[in-house]
Amino acid sequence: MTSTERRRGWLRARAAALTTLGASVAATAMLLTPRVAALGAADTPGAVTFTKDVAPIFQKSCQSCHHQGTAAPMPLITYDDARPWAKSIKARVVAREMPPWHLDKTVGIREYKNDISLSDAEIDTITRWVDSGAVQGDPKDMPKPLTFRPDTDWFIGKPDLLVTFDKEMTMYASGPDWWINKFADTGLTEDRYIKAMQIKPGNPKIVHHVVTTIMPPAGADPNDPAFQGGTLEEYAVGKYGDIYPDDTGRLLPAGSRIAFDMHYFADGEVEKDKTTLGIVFYPKGYVPKYKVQMINFRNLPNDDLAIPPNSITRRDGYFRLPRAARIVDFQPHMHMRGKGMTLEAINLDNTVTVLSSVDHFSFNWHIAYVYKDDVAPLLPAGTVLHIIGIHDNTPANRLNPDALMWAGYGERSVDDMLQCWLGIVYLDDNEYQAEVAARKAKVQQQATSQGHQQQ
């Protein structure tokens, strides 16, 4: 072998050795990179990390549902919980699909007692965390874990009264939706005022919705004008009950019964349900100053709700306030083709004020948007409430069961509705004027205080 050949052989062997070493280094780097990215990138100034930046957001707006033992598809408690879902989390929060809060935040009233939505800054933080590699950060930055009440607990707190029908209902495995009215006695021997109430299905998988109504005692005249009945509480997926403002309540008369208007749907298996209404009362003998009523209105006539295939449609509904009123909460009700609903006030001077607008309605979440006391709509008698409903019967609507089918008004999930539920406190003229004056005085006081701070 010549010296040249020996040198060429040495170079080939050297090159092979370097290639093997390079592959080993690369493989080691690939094994180490995720952990280095998860921990080391936190040393970069301004880096967004899970422990320091994202976990506090999840605690505020996500973990009440996303923890072990709930119906949520995954927990979001630890870094290891959240990391596999990082891209999906970003997509859902950027689209404002999660947390479930479907109001257009650029119009109408902006302050709600039950607002769980993310701010623009919080969405930006989550986006930057995902885009920069979804790093963990220093475990010592992790906030103290939250303690969650059992899923069997009530959102309204421990009820003073539980009302349910006499026997468990059995829903067939397949077939059309089923509507049935069930009745139950309250057992009340004296009038009581309701502070909070919540409907809890025994089996949420098959309960489409529930409407409860106060009925007179068995054998009494159902049309007796002296009996204060009417719609009491409504349940649909994503609604967690109603808690009234202080000194505001709903009368539940002695001897009254509760009618449960139940709507079941089949889920492929034989299922059972026994739905319960939970009620928290004010103390015995206490009469709140303000009495709240639940009203609902829709487009009329109902058969005017026509949604042709592959179309986006608009329908309107109106309700004239017979007396001055304060609106406590706003809840749109539509079905799978529902896209949005706007609530407006047509004022006495013929101007229009947008109160609230749900611009990305989801049939999976029926949310009652509860106004903060200082901004709750305060309207004179004669004001006309106007709802504008939009239905999307195109393939772009992910919840649409069939864009090729005509849809109209109906009780089934595959039918649709345009209905607005409102919690309303009616006021006499003196109460209305007093509330208007108090609100104006508070606004003036805040403006004066801000002026002093700027000087």
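# Cavities, strands and ring pairs in a predicted model

The largest cavity has a volume of about 70 Å³. This is a predicted model, in which local features need pLDDT of at least 70, side-chain atom pairs count only at pLDDT 80 or more, and totals for chains, interfaces and linings use all residues. Residues are numbered from 1 along each chain as its sequence is written, and side-chain values use heavy atoms, with hydrogens and water left out.

## Cavities

A cavity here is a set of points, on a 1 Å grid over the protein atoms alone, where a 1.4 Å probe fits but cannot get out; lining residues have an atom within 4 Å of a point. Points are joined across faces, edges and corners, and the volume is the space filled by probe spheres set on them. The search of the whole structure finds two cavities of 30 Å³ or more.

V93, R96, M98, P99, W101, L103, K105, S117, L118 and I123 line the largest cavity. That lining has seven nonpolar, one polar and two charged residues. Ala, Val, Leu, Ile, Met, Phe, Trp, Tyr, Cys and Pro count as nonpolar, Asp, Glu, Lys and Arg as charged, and the others, Gly among them, as polar.

The second largest cavity has a volume of about 40 Å³. P245, R326, I327, V328, Y371, D373 and A376 form its lining. Five of these residues are nonpolar, none is polar and two are charged.

The peptide bond from M98 to P99 is cis, with omega near -10 degrees. P99 sits in the loop between α4 (86-94) and α5. Helices (H or I, at least four residues) and strands (E, at least two) are DSSP runs, numbered from the N terminus.

## Strands

Four strands form an open sheet, in the order β3-β9-β5-β6, with antiparallel pairing. Its edge strands are β3 (178-185) and β6 (230-236), and each pairs on one side only. From one strand to the next, the twist averages 20 degrees; axes are lines fitted to C-alpha atoms, and angles run from 0 to 180 degrees between N-to-C directions.

Two strands pair if DSSP finds at least two bridges between them. Within this sheet, β5 (residues 207-215) and β9 (residues 257-264) pair in the antiparallel sense over eight bridges. M215 stands opposite R257 in β9.

Now to β11 (residues 276-281). Six of its six residues are buried, where buried means under 20% relative accessible area, exposed over 50%, and partly exposed in between (1.4 Å probe, protein chains only). T276, G278 and V280 point one way, while L277, I279 and F281 point the other way. β11 pairs with β1 in the antiparallel sense over four bridges. T164 stands opposite T276 there. β11 also pairs with β4 (residues 192-200), again in the antiparallel sense, over six bridges. A196 has V280 as its bridge partner in β11.

## Ring pairs

Rings of Phe, Tyr and Trp (its six-membered ring) pair if their centres lie within 6.5 Å; planes under 30 degrees apart count as stacked, over 60 as edge-to-face and the rest as tilted. The count comes to 13 aromatic pairs. Two of them are set out here.

| Pair | Kind | Centre to centre | Angle between planes |
|---|---|---|---|
| F50 and W129 | tilted | 5.8 Å | 45 degrees |
| F165 and F260 | edge-to-face | 5.3 Å | 85 degrees |

F50 in helix α2 (residues 50-61) and W129 in helix α5 (residues 120-131) are 79 residues apart, and their pair links distant parts of the chain. F50 is buried, at 0% relative accessible area. W129 is buried too, at 0%.

F165 lies in the loop between β1 (161-164) and β2 (169-171) and F260 in strand β9, so their pair ties together parts that are 95 residues apart in sequence. F165 counts as buried at 1% relative accessibility, and F260 is buried at 0%.

Ring pairs also link W101, Y112, F330, Y369 and Y371 into a cluster.

## Positive phi

A134 is not a glycine, yet its phi is positive, at about 55 degrees. A134 lies in the loop between α5 and β1. At 1% relative accessibility, A134 is buried.

N310 is another residue other than glycine with a positive phi, near 50 degrees. Its place is the loop between β13 (306-307) and β14 (311-320). N310 counts as partly exposed, at 44% relative accessibility.

Conventions
On a 1 Å grid over the protein atoms alone, a cavity is a set of points where a 1.4 Å probe fits but cannot get out, and a pocket is an open set with protein on both sides within 12 Å along at least five of seven lines; lining residues have an atom within 4 Å of a point.
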